[in-house]
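Dear colleague,

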Amino acid sequence: MKKNLLAGLATSTALFAAPALAQDCPIKVGVLHSLSGTMAISETTLKDTVLMLVDQQNAKGGLLGCQIEAKVVDPASDWPLFAEKARELLTVSNVDVIFGSWTSVSRKSALPVLEELNGLMFYPVQYEGEESSKNVFYTGAAPNQQAIPAVDYFLEELGVESFALLGTDYVYPRTTNNILDSYLKSKGIAAEDIFVNYTPFGHSDWATIVGDVVALGAGGKKVGVISTINGDANIGFYKELAAAGVSADDIPVVAFSVGEEELSGLDTTELVGHLAAWNYFMSADTPENAAFIEAWHAFIGDTARVTNDPMEAHYIGFNMWVNAVTEAGTTDVDAVRAAMWGQEFPNLTGGMSVMNANHHLSKPVLIGEIRADGQFDIISQTEEVPGDAWTDFLPESAVLKSDWKELNCGMFNTETGTCIQVTSNY
Amino acid sequence: MTVVSSGPKYPGGGFLAAQPATLWFLGGLGLFTLGVTVLAEGFGLGTLSTSMVKILGMTLCLCLIAVAMDVVWGYCGILSLGHFAFFGIGGYAVGMWLMYARTEGIVTEALLAAPIPPTETEITNAIATQIFGVVGSSELPVLWGFAHSLPLQLLMVVLVPGLLALVFGWLAFRSRVTGVYLSILTQAMTLALSLYLFQNDSGLRGNNGLSGLQNIPGLDHLPQSTLSLWFFWASALALGLGYLFFAWLVSGKFGSVIRAIRDNEARVRFLGYEVEHYKLVVFTLTAIVAGIAGALYYPQAGIVNPAEIAPIASIYLAVWVAIGGRGRLYGAVIGAAAVSLASSWFTGGGAPAIDLGFYRINWTDWWLVLLGFGFVAVTLFLPRGIGGLFDLLVRKS
Amino acid sequence: MRPDPLRACLHALAILLVLLLPDSGHAQTPLQPLLQEHRAAITNPSRGTATAMVAALLASGHPEAAEFLRRWQDRGVVERRADGMFLYSDDAGGLREIDGGMAVPGLTGRDVAPIRPNAGVRAVVAAALVPLELTAPDPERRRAALDAIARSPEAGQIAPLTVSLDGEADADLRDRKARLLTLLTAQFGPDRASRLTAIESLAGDTAIEARAVLNQIAARVPGVAAALPEGANIARVLEVDEDLTEIEAHDRLVAARLAPPRPTAKDLRDALSAHVEGGSVGGIPLHRLNTDDMRLRAYEALEAAGRVPPRSGPPEVSQAVAAHVFFETYPEPDADITAAAEAALSATTRQIALYQGADLILDGLSLASIFFLAAIGLAITFGVMGVINMAHGEFIMMGAYTGYVVQLFVPDYTVSLVIALPLAFAVTFGAGVAMERLVIRQLYTRPLETLLATFGISIALQQLAKNIFGTQARPLTAPDWLGGALTFNDIVGISTIRVAIFVLALIFLALLLYILKRTRLGLEVRAVTQNPGMAASMGINPDRINMLTFGLGSGIAGIAGVAIGLYAQVTSEMGANYIVQSFMTVVVGGVGNVWGTLAGASMIGFLQKGIEWFNPSNTLAAQTYMILFIILFIQFRPKGIVALKGRAAGD
């Protein structure tokens with residue numbers, strides 16, 4: 001252990017002197033996505049995305065004169081395994097960077113290992129925020145890059161006055177709904193106009209809940225649903241919604257976890273007009289996106305496969321990492337981290353993403369209406385919004401900020417002017 | 001209970017002498033521990049990485065719970081599909097202290113930077129915000145009343161699984177729920193517990209569970225390579241002691257009675273034995289051992305959460321024991337070690353993919369299919385499990 | 001939706017202009033220049049800017065304006081990138097000029113920018129077009145206009161609605177118009193008498209739209225003041241300690257800026273921190289300030305020295321609360337109208353409670369039938385044969401995937417369902433027979449090992465399904481005639497697919513009872529179950545019977561899979577979601593009896609819905625309590641609800 005660390009230190013100092021020569025070839029990229037178990041549904045696609053990006057980079061001549069080698073492991077949707085496999089990747093396979101995780105709990109499982117061994121991970125999924133680790137770059141959306149703009153859209157564009165917050169019972173929906181609850185109240189929505197419901201993973205019995213939502217209409221206010229329902233459970237929910245004849249004009253539903261992949265599991269003709277908020281939609285009309293989709297279809301060998309938001313997050317994250325490594329002239333984590341701050345890369349939907357010193361991206365927020373073909377019509381696209389690690393809408397978090405560049409702290413209390421901790425609270 | 005005192009009596013420590021298998025096992029375990037220690041990164045040659053030491057240490061804990069499962073199922077005939085719940089409870093109990101103490105250190109340090117020293121309430125609130133901020137709460141639930149104290153939480157490791165097993169067992173055995181009904185009932189208990197823990201408001205951080213458990217408060221200065229070895233030794237010791245204890249328990253009259261219960265419960269009852277009491281003792285003791293195994297396992301795994309307790313985990317436990325061979329303690333150890341290590345090897349990409357020309361068998365995709373059908377095969381053709389093969393060899397020689 | 005006087009006026013104006021100005025004078029004027037004046041609002045549609053633009057276009061009196069808006073809201077307008085001209089585009093992608101309708105050839109998708117008004121904008125346009133659409137020749141358009149009124153009711157709609165009512169030929173639409181007129185009059189009626197009449201006519205109406213109107217009229221706003229305001233329509237005065245606690249009352253005072261906020265522990269700490277002098281505050285050394293008591297004493301010392309403002313403690317809070325009055329007012333000034341609305345609402349309370357109860361029963365019934373359907377196959381294999389089949393859930397999954405595969409090849413949903421149901425039965429029947437012959441037959445004497453062997457099959461099948469169909473959920477879509485819902489009124493309703501599942505459950509119940517009680521096969525099954533040896537000596541082949549019984553149970557699971565897939569998701573894990581519940585259904589109901597399974601499913605279904613009703617915000621908690629209840633129930637009735645008696649009960 002100590003020996004490795006010393007050796008690493010020695011190489012990294014040597015690197016500054018003569019970068020191209022001292023780099024260990026090949027450069028290794030760890031892929032920590034579940035290939036089996038419940039999360040394989042979503043994560044297998046991301047594994048393929050990283051493999052595709054590695055292939056593309058190698059075709060361009062690799063990195064620092066080396067080929068890139070992907071090291072794929074399967075944490076099997078088993079959260080403790082994320083810690084085990086992360087340790088294996090960092091110490092046995094000696095990877096230079098990890099792309100991985102989907103659920104928050106899997107990230108929190110891997111975090112202590114990453115921080116202990118000073119690894120580097122890119123996390124590509126929208127999440128509840130309230131975290132900023134020195135060793136993680138969050139390329140998915142924080143709540144202020146997805147939930148808050150969607151609610152603003154509900155309030156301003158659709159005139160919704162009564163809200164139903166439906167979610168799966170786990171951290172992301174709970175925290176997001178807490179933030180939204182406090183945000184809505186600050187916008188003058190009364191507590192009795194906010195209906196909250198939590199259901200288990202994979203829930204299928206939606207009749208009563210849909211009935212409850214429809215009954216909210218008796219209050220005489222326009223009702224809207226904010227859905228943080230996860231994965232498969234959405235299918236039953238939307239089927240019940242369609243059966244109850246709830247059209248998007250009467251009760252619009254905006255979802256934060258429903259993308260092109262999830263919609264491929266059901267017939268969307270009845271769902272036309274319902275909404276989703278993401279930082280990317282496959283229907284985005286830009287040359288970059290067209291090229292990305294083409295490359296994806298060629299790589300996977302199936303033109304029916306869709307692209308989605310976390311894939312774009314990996315696309316941005318991987319390219320930023322490549323540029324940061326090129327800039328730093330080494331894959332050493334500390335040097336790459338410093339080069340990551342302020343790194344820019346074009347989005348697939350237009351505009352530039354910027355990596356901020358709080359390790360979150362500035363990205364545009366898109367709102368899409370579901371079409372009959374399972375794709376989304378983009379009806380609103382904001383300017384780039386900087387991701388907020390600590391939300392401004394919860395009293396405990398409002399005083400916190402993260403700045404690894406100036407303050408070297410991910411959890412800095414601006415009131416007392418102290419750094420609460422340099423590691424994360426897992 | 002008077003039933004325990006009717007355990008085996010051997011003049012002058014002859015128990016081990018009468019148990020060559022136990023001796024062999026303990027010797028093997030000792031050698032294995034020594035070997036790992038010499039090879040480990042934190043101590044000697046460094047051939048075994050820290051992550052491998054952790055895997056081996058966790059496997060020993062799984063072996064321990066498998067031994068407990070073997071006693072309750074292989075010897076007493078109760079197919080409990082709930083022992084992994086006790087295992088998880090042990091992990092939660094020790095995890096609460098680990099999280100609390102670690103957070104307390106961080107919080108006190110941050111608060112000491114302020115000009116005025118913090119009050120007790122301020123410290124507690126700050127700890128609660130740190131631990132529960134993630135699930136949108138800032139109050140310490142009642143459940144965490146003892147979390148500040150390691151001895152009290154260690155007591156919980158034994159007490160909570162023990163009491164839960166005692167109450168549940170008493171209710172179930174008293175109603176004469178037996179056989180598959182009992183299995184389904186224990187499964188329902190596991191399901192209820194995991195559903196409860198899955199709730200965000202359970203007070204145990206819902207789906208996220210307790211994480212960062214590999215960082216031991218007070219031992220921050222030690223590298224994981226050292227800590228992993230300490231836990232490995234502790235797991236080996238626990239397995240050795242547990243094995244010895246259960247071997248002693250099942251070798252005497254008590255063992256004969258529970259085996260008799262397994263084979264024909266009604267007859268044992270007619271003979272005047274309090275069948276329910278025997279079953280209750282076995283059920284509770286094994287639950288306690290499962291809790292201890294969990295308390296050693298999760299600090300090595302780093303995270304405990306409700307998915308660990310899901311009913312399927314307990315079924316896998318039964319599968320290990322069946323593959324290893326029921327009714328012989330070393331069989332349980334073989335089964336648990338073989339299946340969990342094989343699973344680790346296959347899903348870790350260690351197994352080479354087989355190219356059939358028209359199709360490529362990737363073991364990450366096909367491992368569960370192999371395990372499933374392999375398991376059917378063992379049940380059909382090898383009812384005594386791998387341990388049974390062992391017996392055949394011994395008998396032939 | 002609050003009445004918006006400005007919008008109402010604009011509408012009235014627009015109608016007037018449209019009705020008064022002669023069309024002919026504008027026939028030649030092109031619309032495009034007018035549109036270009038409003039290009040910002042047209043190309044970047046937003047509810048905020050659309051209202052003014054729509055009103056302006058309609059106010060221009062241009063005959064094409066309404067047609068343009070209609071097409072614009074349906075996303076049939078694009079912008080030519082080269083010069084910013086607006087063009088009509090049809091579904092096929094053909095482009096035409098707005099004025100004159102000339103086709104514009106030679107442009108590709110890259111040359112034009114689509115314009116996508118959102119749902120909020122579409123509602124604005126629909127509401128603005130209401131006066132024109134109400135008299136449109138196409139009944140569908142008239143209906144759409146009525147929907148627009150229902151979605152965004154406004155005072156300005158009363159006049160055109162009244163006018164159009166007389167000429168309405170369609171009886172349905174006329175009823176609907178009259179109904180909407182009543183609703184609009186109740187809310188925005190011109191005079192008090194007509195409003196009161198309208199409100200009274202809504203008394204006892206349980207429809208959501210009626211209650212929405214009444215609730216709007218009777219909406220209350222909390223208020224706080226030193227004395228009750230003169231002339232306000234007071235709904236009620238709140239008593240502190242009865243209707244709200246002192247703290248809540250004080251919070252309202254703070255929110256209304258009538259009292260300073262209560263000092264928090266943090267304020268205290270901050271105040272003290274600001275006055276640290278030489279290692280002590282107010283004469284108390286810093287290290288002793290680690291209790292609230294000592295901090296208060298330090299503050300008092302500072303307060304006595306006049307260094308900090310006096311601290312408002314509990315007495316000050318009580319004083320402030322006592323000095324104010326807390327009340328609720330109606331924004332509606334007329335007390336008679338609000339009283340009438342309250343009376344009309346309270347007339348519905350009981351009925352609504354009854355309907356809600358009925359709806360709950362329907363939901364419970366539906367859930368029970370789903371549980372029954374999922375468990376009935378198990379009731380045969382486990383209940384009658386005593387075989388624990390952990391792969392039962394995977395048979396459900398196989399059935400659902402069969403349905404999916406059939407839909408891949410047969411695009412017509414009705415036909416595919418007709419094929420899928422028997423095919424699912426056949427597939428899972430075959431799988432069941434194979435499993436019985438290959439595995440279970442060897443293990444009849446070892447029931448616990450059957451459990452484990454079938455579990456092995458279960459995980460293998462699940463992973464196989466993942467390898468074949470992928471991990472993503474697969475679509476299984478119900479035909480249109482199963483797509484809607486059976487609604488009795490706005491409260492009581494159930495989706496048709498659930499009714500179908502209920503009917504299917506009934507059919508299976510009847511079928512199984514018939515097979516078991518009335519057929520030769522049933523007789524033989526019962527004989528083999530009770531005494532295989534004796535049955536064999538009577539010339540029955542127990543192997544064959546066991547095989548058939550197992551196949552039957554599995555086949556039913558396959559059909560259940562199709563039904564479950566139709567209303568929920570088809571994934572490789574769907575079976576695992578039902579297996580534990582199905583076993584509990586069978587055990588709770590009582591093993592060995594189809595009626596028992598029915599009783600078990602009913603109990604679990606209704607119980608679940610009942611517990612959910614008590615705590616509607618947390619379904620997971622409801623499931624937890626239900627399982628705990630089942631555990632306790634089995635303790636007290638180990639043989640289940642319908643326990644077999646005598647020799648059939650076994651042991």
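How many bridges join strand E1 to strand E2 of chain C, and do these strands run parallel or antiparallel? In this predicted model, three bridges link E1 (residues 77-80) and E2 (residues 86-89) of chain C, and the two strands run antiparallel. Five residues lie between the strands of this hairpin, and C:Gly84 adopts a positive phi near 75 degrees. Strand E1(C) is also joined by three bridges to strand E4 (residues 112-114) of chain C, again in an antiparallel arrangement. C:Val78 stands opposite C:Leu87 in E2(C) and opposite C:Pro114 in E4(C).

Chain A contains an open sheet of five strands with parallel pairing, in the order E2-E1-E3-E4-E5. Strands E2 (68-73) and E5 (136-138) of chain A each have a single partner strand, so one side of each is left without a neighbour in the sheet. From one strand to the next, the twist averages 25 degrees. Strand E1 (residues 27-32) of chain A is connected to E2(A) by six bridges, and A:Lys28 has A:Glu69 as its bridge partner in E2(A).

Two helices of chain A lie across strands of this chain. Helix H3 (residues 40-59) lies across E1, E2 and strand E3 (97-100) of chain A, and runs at about 165 degrees to E2(A). Helix H12 (residues 309-328) lies across E3, strand E4 (121-123) and E5 of chain A, at about 175 degrees to E3(A).

Yours sincerely

Methods: Residues are numbered from 1 along each chain as its sequence is written. Chains are lettered from A and ligands numbered from 1 in the order in which they are written. This is a predicted model: local features need pLDDT of at least 70, side-chain atom pairs count only at pLDDT 80 or more; totals for chains, interfaces and linings use all residues. Two strands pair if DSSP finds at least two bridges between them. Helices (H or I, at least four residues) and strands (E, at least two) are DSSP runs, numbered from the N terminus. Axes are lines fitted to C-alpha atoms, for helices over the stretch in contact, and angles run from 0 to 180 degrees between N-to-C directions. Two residues are in contact if their C-beta atoms, placed from the backbone, lie within 7 Å.
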